[in-house]
Amino acid sequence: MDLPFLWNTFVVLLGGLPLTLELAAISILAGCLLALAIAFLGSFAGPLGSGFASAYVFVFRGSPLLVQIFLIYYGLGQFRPTLQQIGLWPFLRDPFWCAALALTLNTAAYGSEIFRGGLRAVPAREVEAARACGMSGFLLLRRIIVPIALRQALPAYGNEIILMVKATALASIITLMEVTGLAQKLISETFRAVEVFVVAGAIYLALNFILTRIVLAVEHRLSPHLRDSRVREIDVRSAHA
Amino acid sequence: MPPALTDYFSLVGFGPGGWGAALLTATAMTLAVSVCGFAAGSALGALVAWAKLSRRRALRVLGDAYTTVLRGVPDLLVIYLFYFGGSAVLGSVAGIFGAGGFIGMPAFLTGMLAIGVVSAAYQAEVFRGAYRSVAKGELEAARAVGMRPWPMARRIVVPLVLRYAVPGLGNTWQLVLKESALISVTGLVELLRQSQIAAGSTRKPLDFYLTAVLLYLAITWVSTLLFRRAETRVSRGVRRAV
């Protein structure tokens, strides 16, 4: 075991971590908002809205993310004069913003399906009860529907966050030097694929471990009504084991 | 037909100067590497699922470690590991026989191995869940009539596990299909790589990447239909509660 090499690799790869985190954070936040919009469109905007939502989901889940990245990064160059006119060119020339855009559009497709499931899981009785109290419109949405739907969707959304962190690796193919980009460079220089893989893999695993803990903590916070009851889920599980 | 559309069709069509044949060959390559990788992943995944269900602690820990690592690490890293790692091994083997220099790992083999190893982690979870859904009584009955392990696996366990595993395997297949696009970094001329080549030589990236998206969507759509049929087939004779 060549410890100095492993340590050196770790230091080099850590240099890519800020970029990985930036890409993941931007695309997860923007993707989450877009996913909510699409889920609402699909659930409340009639046949036209749900048609658009399902077409969006089909296209972005059915084709590889890397193709989507290429389509945006290289493909939109064909419209360069138009894009320059409307002032979007400085963004779409930059690999960082292209990768962020592709990741956002991609995660929004998966996220909207998760949120749609959450919305469908809101019990009709609770909505009826709220209406009976005279609640309606935005207040009903904010106080009853969204909290219940979010709580339902969170575990699945945690998986999507992990997948996004892994997906940022694809940005290395359009020249961004995040963790995987640096790892690829290091491997092709030293040909010590296994060692570099171990270090890079450990960085991603640590990152994902922290993220799953955060999601668990949020889940705990969002479900106080499940915490205090006498009959605990944990007891049921340990009885089975 | 508007001229833009005519231009597009002559670009991706089968006439002189059209890239249609090349794109279709590349689509076949995408399918070939995906199917081979998926099959390798099924074999390895069944093994990993068996380890995770084993009574021996060491095997369970090993299986858990495998699925945790391979599901938590970007696929691209695994591809680099096999591509550069495999080339390094090949190079040192060739060194023993006196040959020098860089010997590249065959791209198809790299792709198949990388897809196989990653999809095995996902398939193992699918198989494990499916095995746990198999009613204990069925296995006991098979043992009670004196079935030996191999006939029992072939005639009882595999058909029953498949019944529960097909929907999950459909998801894994979609993952594999999309992962196969990453194999283009090793130079294998599959659909994405071929689109890159065509885009570069015609300077029409949008047309070709859009075509690639359409071809991927076509494959996805057809495979969804096929998996739905497979699901009907493996669950024939089952009465649905819900």
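**Figure 1. What covers the buried residues of helix 8 of chain B.** The cover over the buried residues of helix 8 of chain B includes helix 4 (65-73) of chain A, along with helix 2 (20-53) and helix 9 (205-234) of chain B. The model shown here and in the other views is predicted. The residues of helix 8 that are buried are B:Leu191, B:Leu192, B:Gln194, B:Ser195, B:Ala198 and B:Ala199. They lie on the same side of helix 8 of chain B, because the arc they cover around the axis is only 160°. B:Gly200 and B:Ser201, on the other side of this helix, are exposed.

**Figure 2. The length and the end of helix 8 of chain B.** Helix 8 of chain B runs over residues 191-202, which makes 12 residues. From its first C-alpha to its last it reaches 16 Å, close to the 16 Å expected at 1.5 Å a residue. B:Arg203 follows helix 8 of chain B and has a positive phi, near 55°.

**Figure 3. The surroundings of A:Phe70.** Apart from its neighbours within four places in sequence, A:Phe70 is in contact with A:Gly75, A:Ile173 and A:Ile174 in chain A, and with B:Leu192, B:Gln196 and B:Tyr209 in chain B. A:Phe70 also belongs to one aromatic cluster with A:Tyr73, A:Tyr74 and B:Tyr209.

**Figure 4. The largest nonpolar core.** This core has 133 residues. Those with the most contacts inside it are A:Leu13, A:Leu23, A:Phe70, B:Leu192 and B:Phe208. In soluble globular proteins, nonpolar side chains tend to be buried together.

**Figure 5. An aromatic pair, A:Phe91 and A:Trp97.** Over all chains, the count of aromatic pairs comes to 17. The ring centres of A:Phe91 and A:Trp97 are 5.6 Å apart and the ring planes stand at 80°, so this pair is edge-to-face; planes over 60 degrees apart count as such. Are these two residues buried, exposed or partly exposed? A:Phe91 has a relative accessible area of 44% and is therefore partly exposed. A:Trp97, at 33% relative accessibility, counts as partly exposed.

**Figure 6. A charge over a ring in chain A.** The charged end of A:Arg192 sits over the ring of A:Phe5. It is 3.9 Å from the centre of that ring.

Figure 7. Chain A has 13 helices and zero strands. Its C-alpha atoms fill a box of roughly 70 × 60 × 25 Å along the principal axes. Chain A has 241 residues, of which 43% count as buried. Of the contacts in chain A between residues at least 6 apart in sequence, 78% join residues at least 24 apart.

Definitions and conventions. Residues numbered from 1 in each chain as written. Chains lettered and ligands numbered in written order. Heavy atoms only, no water. Core = buried A, V, L, I, M, F, W, Y, C linked by side-chain atoms within 4.5 Å. Buried < 20%, exposed > 50% of the residue type's maximum accessible area, 1.4 Å probe, protein only. Contact = heavy atoms within 4.5 Å. Helix = DSSP H or I, 4+ residues; strand = E, 2+ residues; numbered from the N terminus. Expected span 1.5 Å × (residues − 1). Arc of directions from axis to C-beta. Phe/Tyr/Trp six-rings, centres within 6.5 Å; stacked < 30°, edge-to-face > 60°. Lys NZ or Arg CZ within 6 Å of the ring centre and 35° of its normal.
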